[in-house]
Amino acid sequence: VAFAAAAIACGVATGTVSYQSASRQYHEGIETRLSILAKDDRDKLTAALENIRRAITLQAASPATLSFLQRFDGAWTPQGGAATDAYNAVLKEGLPWFRQALEKSGYEDLLLVNAAGHVVFSASGGTPVGTGLADSGSGQAGLSKVFNRLQQKPQADFQAFSDYFLYPAPGGGQRPAGFIGAPVLDASGRFAGALVYRMPIAGLNSIVQQTYGLGKTGEMYLAGRDGLMRSDAIRTEGSDTLARRARTPAEKAALLGRNGVYAGPDYRGVEALAAYTSLDFLGVRWAIIAKMDKAEVSAPVYAMLQRLALLIVAISAAVALGGGLFARQVCRRIAALDRAASSLAAGQTGFVLQEAGKKDEISAIAQGMEQVKGFIHQSNRWQTMIGSMSLPLMVCDKNFIITFANKASLDALKTLEKHLPVT
């Protein structure tokens with residue numbers, strides 16, 4: 001029992017250490033994977049945004065852009081707006097060129113704004129011609145912010161970006177949109193107006209909604225400083241951009257510019273493991289989150305624990321059974337030695353000690369007992385032979401104390417006892 005208990009305790013201890021080590025390594029592997037995916041998305045988003053920044057800078061510097069801006073501005077009037085023959089003539093010439101650029105880039109709209117802050121051209125018609133942007137309270141807050149920054153810093157290598165907000169959609173309603181703009185300078189380097197792209201959310205979603213390496217419950221998303229998502233989560237229904245709050249410690253840490261891993265409730269209140277990092281673009285910072293539900297992360301660990309428990313039970317049972325059989329065999333052999341020792345003590349040598357034919361410690365003891373048995377057997381033979389002699393024989397020690405007397409000597413002493421005093 002003690003041997004079996006020791007075996008089970010040893011198995012449990014070994015299994016526990018192995019499970020803890022394997023579990024820790026597995027979770028570290030998941031954390032590393034999530035961190036790599038979050039940083040990979042950050043690099044992809046950065047590259048995509050940098051391409052947009054370079055594209056708008058090049059197009060703003062194009063002589064054709066300056067020419068159309070000046071011509072649209074000259075044909076547009078506050079009274080008549082865009083409904084003039086002169087404006088329609090410029091529109092007929094410029095609209096195909098700008099729409100081709102719009103369709104190639106995937107932007108929702110391309111705007112030209114004059115130096116006074118009035119929209120003089122909208123490729124999609126989403127922003128009415130004549131809309132004033134100089135006043136940030138005009139209802140075009142994001143677009144106004146971009147224009148005002150460009151107006152304040154009219155440099156060829158400068159761009160301004162407005163974080164996503166709900167903006168009137170061409171067909172009605174509102175949709176998330178961001179704006180990036182670059183100044184358009186005339187031949188003398190003076191501020192002639194601005195070129196502005198309206199950026200849809202689909203571009204961001206196409207990058208962050210990839211789920212490779214995220215399992216069945218994993219996803220990635222962006223969040224802004226206002227605690228609202230800047231992309232649509234794929235594990236929810238409907239649109240999440242600027243509608244769903246994501247304000248866990250992961251988003252808060254990322255918006256402080258930190259990188260790390262968070263374990264706890266996600267934006268749905270479900271326990272999750274998340275890696276976080278941040279993206280900075282033209283003064284706007286977003287949190288990038290790559291997460292998986294804790295249940296999915298822990299499932300292989302729990303399965304491993306179950307297999308390990310079964311293995312420990314099987315090994316412990318095998319060790320206990322083997323130990324019991326071994327102990328039983330040892331006890332049987334020791335009992336045989338005990339019976340042999342009792343026989344030797346009684347002077348009996350007519351037994352066979354089979355344990356002497358093996359090679360172990362018990363066999364060594366048995367072999368020693370066989371030698372003792374041989375000595376006793378030989379002694380018994382001599383004693384029988386001497387005892388049966390007709391010649392009286394006695395043996396004494398160095399102190400002349402008789403230690404052996406055969407029958408003939410004892411008979412002689414009894415005869416002499418009648419004639420000689422014996423003391």
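Which residues in H4 are buried?

**View 1. Buried residues of helix H4 and what covers them.** In this predicted model, the buried residues in H4 are Gly142, Leu143, Ser144, Val146, Phe147, Asn148 and Leu150, where buried means under 20% relative accessible area with a 1.4 Å probe and protein chains only. The twelve residues of H4 (residues 141-152) should span 16 Å at 1.5 Å a residue, which agrees with its end C-alpha atoms being 16 Å apart; the expected span is 1.5 Å times one less than the number of residues.

**View 2. The crossing of helices H2 and H3.** The axes of H2 (residues 63-75) and H3 (residues 85-105), which are lines fitted to C-alpha atoms over the stretch in contact, with angles from 0 to 180 degrees between N-to-C directions, come within 9 Å and cross at roughly 150°. H2 and H3 are therefore roughly antiparallel, a term for angles over 145 degrees.

**View 3. Residues where H2 meets H3.** In H2, Ala64, Thr65, Phe68, Arg71, Phe72 and Ala75 meet residues of H3 that include Tyr87, Val90, Leu91, Trp97 and Phe98, contact meaning heavy atoms within 4.5 Å.

**Notes.** Residues are numbered from 1 along each chain as its sequence is written, and side-chain values use heavy atoms, leaving out hydrogens and water. Local features need pLDDT of at least 70 and side-chain atom pairs count only at pLDDT 80 or more, whereas totals for chains, interfaces and linings use all residues; among such totals, 40% of the 423 residues of the protein chain count as buried.

Conventions:
Helices (H or I, at least four residues) and strands (E, at least two) are DSSP runs, numbered from the N terminus. Angles under 35 degrees count as roughly parallel, over 145 as roughly antiparallel, 65 to 115 as roughly perpendicular and the rest as oblique. Buried means under 20% relative accessible area, exposed over 50%, partly exposed in between (1.4 Å probe, protein chains only).
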